[in-house]
Every structure is written in structure tokens, then in C-alpha cells.
Amino acid sequence: MNDVNFLWPLAGGLLIGLSAGLYLLSTGRIAGISGLAASAAGLTDGGFSKLGFGFLAGILGGAAVASALIRQPDITVTSSIPLLVIAGLLVGFGTRLGSGCTSGHGICGMARLSLRSVFATLTFMTVAALTVFIMRLVSGGAV
Amino acid sequence: MLARTLAAIACGILFGAGLVISDMINPARVLAFLDVAGNWDPSLAFVMGGALIPSSLAYLIRNRRRAPLLDDRFHVPAPGRPDGRLVVGAALFGIGWGLVGLCPGPAIAALTTGRWEAGLFVAAMLAGMIVYRLTLGRPAWATR
């Protein structure tokens, strides 16, 4: 069994929620990363957004500083190149079609009890868990 | 406008730090969280739980205010009913998330680790967004 430490995820989650809350109360907008990324790339009806670009730049800065000073990330990626490409395409297309991802629906939408976001969050969590289950079966149960 | 951009940068810094501190940035951790039928690692439930506390408070405060600090109105979507696009989009996203363990925020944050896998994933994600823009997400003025 994994050794489960709740303090790191709780502290990180509080920071993420604080970010989403402050972003709402300062700019009036939803901190949904898929939407911010699309607007930073000029792929929304509003065109290029400085806010989207600034938020993404902040994510890079915050991640770099936290990695250097607080917790060195220990990243494990076992996916093959085709799998990374297919998954990336699905995440990009799906989050735009579904108007949000883990942050926009999962955190901001759930926080404001949006029916659409609750539906979306239940859908992507269930489908992701099923996908992991099937992948484990296909890979012969190797974890 | 400059103040809004600075606020976005500051919020992004908090968000990026939260992704690293919580270990959401690690695809293996995310896959273990999603592996409910196997060797389940529930720790990431605390990320969502922790995040919902301040964000819910902010939405409660929002209900008592006419406008945010740096803009003349809130840009929050009006309540609506779930529809086919929402559910199909969320399902496609769920497949992608479950295949690799990366969703948009952590994927972008993972670029700072210098791992090529993160770069490839983010490039493919942008390509997926472009495909959506050129197909189902075409603006009204382009679909005469």
C-alpha cells in the first residue's frame, strides 16, 4: 500500500483553491486552465487573452519556485509516445467540447454548485477511473 | 488592465505552487488515485477537498458583491442544463486523463521539470484544441 500523507495534498489543494478564489474576486473570472490555455493561444471567440497568458506564465513560475524551494517533484511517466499524443489530443479536444477540465469544472464549478460542472466532474472522474481499470487489464495487471 | 494581468500572474503562481506541493504534477500519483479497483492512493482527494474550501468561500463572497475588485462585472457562466456536448467532451477528456494521468494544469506545470513527455503532451493538447476550433468550435462568423 502506498504511504499516504495527507498534509502535502491538503496544503497544495488549499493553495489551488485560494488561487481560484482570488482570481474570481479580483478579475471576476473562472480559473479553468483549459479555457485559460485556449485563450492564451488565441483559440477562443475572445481572441488572445493577456489574462490567460499571464495565468499560465504564473503557473510555470510558481511550479519552478515551489520545486526549487519547497518540494522537489519526483515525476514518473511510463506512457509511450503514441499514448502521450493520443491522450493529449483527447484532453485538448474534450476539454474544449466539454467547456472545462479538473479546475474549471472540478474546483470552480463544484464550488459554485453548477449543475453542469457537477455532471462534467462526475463524468470525467468515472471515465478516467474506468480507463485506468481497462489499461491495467490490458497491461496484464502490472501496476 | 495591467492590474488584472498582474492578478492573473499572482494567481497562476499560487496555482502552480499548489500543483507541485500537492504532487498533482506527478502522473503516476494521479493514475494511482484513479486506480480505485487496484492499489488505490486516495491522497489526491484531499487536493480537491482542500481546494473547495477557499474557492467555495470566494463564491459565497461573490454572491454578496456586485462586481469583482478589478473589473466592472463578473464573467461567470449563467446556470444551464447539462447537454450532449458537455457529457461527450467530459468523457473524451476523462479517457485522455486516465490514459496518461495528466490534465491541463499539471501538464503545463510539468513543463518546468524539463521532461520531454510533458512537452509532447502539451503540444498534442494544443493540437486537440486547434482541431476543436476548426471543427465543432468554429465561431458563428466562420460558419456561413
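View 1. Of the 144 residues in chain B, 51% are buried (20 or more other C-beta atoms within 10 Å of the residue's own, with C-beta atoms placed from the backbone). The model is predicted: local features need pLDDT of at least 70 and side-chain atom pairs count only at pLDDT 80 or more, while totals for chains, interfaces and linings use all residues. Residues are numbered from 1 along each chain as its sequence is written, and chains are lettered from A and ligands numbered from 1 in the order in which they are written. Chain B has six helices and zero strands (DSSP runs, numbered from the N terminus: helices are H or I with at least four residues, strands are E with at least two). Along the sequence the pattern reads α-α-α-α-α-α. A box of roughly 45 × 45 × 35 Å along the principal axes holds the C-alpha atoms of chain B. Among contacts in chain B with a separation of 6 or more, 42% join residues 24 or more positions apart (a contact requires C-beta atoms, placed from the backbone, to lie within 7 Å).

**View 2. The nonpolar core.** The largest nonpolar core has 89 residues (buried Ala, Val, Leu, Ile, Met, Phe, Trp, Tyr and Cys joined through C-beta atoms within 7 Å). Ile107(A), Cys11(B), Ala107(B) and Phe121(B) have the most contacts inside this core. Helix α1 of chain B, residues 2-22, gives the most to the core, with eleven residues. Leaving out residues up to four places away in sequence, Ala107(B) touches Leu102(B), Ala118(B), Phe121(B), Val122(B) and Met125(B).

**View 3. The side of chain A that touches chain B.** The contact takes 103 residues from chain A and 108 residues from chain B. On chain A, the elements giving two or more residues are α1 (7-27), α2 (33-40), α3 (50-69), α4 (81-97), α5 (104-111) and α6 (115-138). Of these, α1(A) gives the most, with 20 residues. By class, this side of chain A has 64 nonpolar, 30 polar and nine charged residues (nonpolar: Ala, Val, Leu, Ile, Met, Phe, Trp, Tyr, Cys and Pro; charged: Asp, Glu, Lys and Arg; polar: the others, Gly among them).

**View 4. Helices α2(A) and α3(A).** The axes of α2(A) and α3(A) come within 7 Å and cross at roughly 115 degrees (axes are lines fitted to C-alpha atoms over the stretch in contact, and angles run from 0 to 180 degrees between N-to-C directions). The crossing is left-handed (the near helix is turned anticlockwise from the far one by less than a right angle). Leu36(A), Ala37(A), Ser39(A) and Ala40(A) of α2(A) make the contact with Gly52(A), Phe53(A), Phe55(A) and Leu56(A) of α3(A). This contact has six nonpolar, two polar and no charged residues.

Definitions and conventions. Contact = placed C-beta atoms within 7 Å. Buried ≥ 20, exposed ≤ 12 C-beta atoms within 10 Å, placed from the backbone.
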